[in-house]
Amino acid sequence: MKHETETKLPKTEQLIHEPSVEQKYNRGEQYSPENGLSDPDMGSVVSPNISNYSCSMDILSNDELGFLELQNLNNIMKAAYKEFMTIAVTANAWVFHPPVVGSVEDIQEMFHTPPPQGSIVECSVVSVVFPVTSRLLTSIMMDAERWASMFSNIICYGSEEAVVAPLKTLWTTDTLEVILVNAEFRLPAEYLPRGRIRFLRFKKMIVPDTWAIFDVSTDYFDDAISDPAQKIAYRRRPSGVIIRQRGFHCEAIWIENSVVQEIDIPKNICSTFTSNFPLTAEHWVSMLSQNLKRRRSKVVTSEMFDEIHGLPNLLVIGDSLRKVYIETVSPFPREKTWDLFSDDKVRILRDMNAHSSGYPNDYIASTTIYIPQTPLRLLTFMDTNNVKLQWLSIKSQAQLKTSVVFFSEDESNCISLRAKVDTGDGEVVEALEFFVQETSLDEYCSFVISSRMSEADVHLSLIPRFCKESLCLRPSGFAIMPAGPGGLQSNASLVTICIRRELENMKVDRVIEEMSGYMNAVVDQITHIQSPNVVEDDLNSEWNNTTTL
């Protein structure tokens, strides 16, 4: 990682207004607001009687839909498309006219209803140029697993569900495509809500080489939004991205338009904390930009690996580390995965997955704290000192031999694999232990996470098809979010700390005492930073009775 004064995120490029896509590709009366004609690709419009589109709860699973039901669902899709495009036009983006899809204004009003009590609407738009082709970006967006991987900071999983045949036929043409997505959004702090969501994602050609990819929660199709008392964590109103090719890159209009749950910050975190959790269009763009750079990382190797094809797949390992880490700090630990010992200020659990993988005494301590330091300063400190904070048997960086490093051009993303070495009697003896660490910088949520790896794990990671599913990763580390405006330069940070230790032959009360004590020592270190590059040498002495990892 570069020093604090040198690290900068790329700013999104605001685009100069150009002739609208409708003006550039003259389609005659099809786009004339005066003549009232519909876009022929959208099909005919049935009179938008509100009573007609009130559907049963299993409407999207019904493979025997009648004509009126199909038309009602089609009308909702058209209203969502019009709402989505209208947001872009209102934001003075480069699409100047909303599409003419027929008289769907009454249906469109469903996207303007007040949010349920305890929720707010987040709506934002940003224009940006991505250093990839429009074809690549559209393919990522229309593949639920690849999309989830690109936003693994906040999405635990994404998967596609089969669209029933009548709807697949209705919404699949040369200019229209649909997928049904299940996803779970989760931020790395115990008290932050997770949002399980099911939505339809449409890809609609506006004009040749220009596509609108927009999401709509299935709630809007099955009439589940009519209950004002319904509590939700996250609901997608028409949201997504408009994409067109521009030279070797693509330019995009990113729209975030969602109903999100307001978050009550626990008083023990900070009474003056300002919530900055609702996702904005800028956050989506920042995460995608960073992950695109991550996948263009350079490789630096030592003599351990002579050829590129013999390198561990660090990108896959890094993705898995982040996913398991977010699961580890979940607000609702699963009983089959975690044995909960304590849930006071410090949550303490035993990792049952590690138990089944040969680590029967693997314990986790996690907590979320407010620190009056900038996210960038904290990230620099943790990137430098994470090994000493997490691995007590490491007392000096000289004990680690760097084997492989992946990093992006601006070093805002870095994944390293290092081997632990002992230097007894003047000779360097390589231990069969490795340490993998990922540092990722982002305006919304940054990570410094790591895991020990055995020599067998390293060799297994050389086999691509086994790498993702078979590795025993036991992540620990830090997730850092701005505690207010300013992004990486915010005056304070919300830090989730996850410490992992292996403790043998201890009763529950002793485990709680040991893990709490070590967590307190780590918290003391990061809350009293004197220099972002120095960790106190007496960390071990602060808790020297703790069994080393």
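This is a predicted model: local features need pLDDT of at least 70, side-chain atom pairs count only at pLDDT 80 or more; totals for chains, interfaces and linings use all residues.
Me: What makes a stretch of chain a helix or a strand here?

Reply: Both are DSSP runs numbered from the N terminus: a helix is a run of H or I with at least four residues, and a strand is a run of E with at least two. Counted this way, the protein chain has 14 helices and 18 strands.

Me: Why is α2 called largely enclosed?

Reply: A residue is buried under 20% relative accessible area, exposed over 50%, and partly exposed in between (1.4 Å probe, protein chains only). In α2, 18 of the 24 residues are buried, so the rest of the structure largely encloses this helix. Across the 549 residues of the protein chain, 56% count as buried.

Me: Is Asp209 buried or exposed, and how do you know?

Reply: The relative accessible area of Asp209 is 55%, so Asp209 is exposed. Asn505 is exposed too, at 79%, and has a positive phi of about 55 degrees although it is not a glycine. Asn505 belongs to the loop between β18 and α13.

Me: Is Leu503 buried or exposed, and how do you know?

Reply: Its relative accessibility is 0%, so Leu503 counts as buried. Leu503 also lies in the loop between β18 (493-502) and α13.

Me: How do you know that α10 (residues 375-390) falls short of a straight helix?

Reply: A straight helix of 16 residues would reach 22 Å at 1.5 Å a residue, but the end C-alpha atoms of α10 are only 19 Å apart. There is also a kink of about 55 degrees, centred on Thr384. That bend is the angle between axes fitted to the seven residues ending at a residue and the seven starting there. As for cover, 15 of the 16 residues of α10 are buried, so the rest of the structure largely encloses α10.

Me: How do you describe the packing of α10 against helix α13 (residues 508-527)?

Reply: Two packed helices are described by the angle between their axes and the distance between the axes. Here the angle is about 150 degrees and the axes are 11 Å apart. Axes are lines fitted to C-alpha atoms, for helices over the stretch in contact, and angles run from 0 to 180 degrees between N-to-C directions.

Me: Which residues make this contact?

Reply: On α10 they are Leu378, Phe381, Met382, Lys388, Leu389 and Gln390, and on α13 they are Tyr518, Val522, Gln525 and Ile526. Contact means heavy atoms within 4.5 Å.

Me: Why is Arg322 called buried?

Reply: Arg322 has a relative accessibility of 1%, so Arg322 counts as buried. Arg322 lies in helix α8 (residues 314-328). Beyond its neighbours within four places in sequence, Arg322 contacts several residues, including Asn291, Arg294 and Glu438.

Me: Where is Arg294, and which residues does it touch?

Reply: Arg294 is in helix α7. Not counting residues up to four places away in sequence, Arg294 touches Leu315, Gly318, Asp319, Arg322, Asn413, Ile415 and Glu438. Arg294 is buried as well, with a relative accessible area of 1%. Its helix, α7 (residues 281-294), is mostly covered, with 13 of its 14 residues buried.

Conventions. Residues are numbered from 1 along each chain as its sequence is written. Side-chain values use heavy atoms; hydrogens and water are left out. The expected span of a helix is 1.5 Å times one less than its number of residues.
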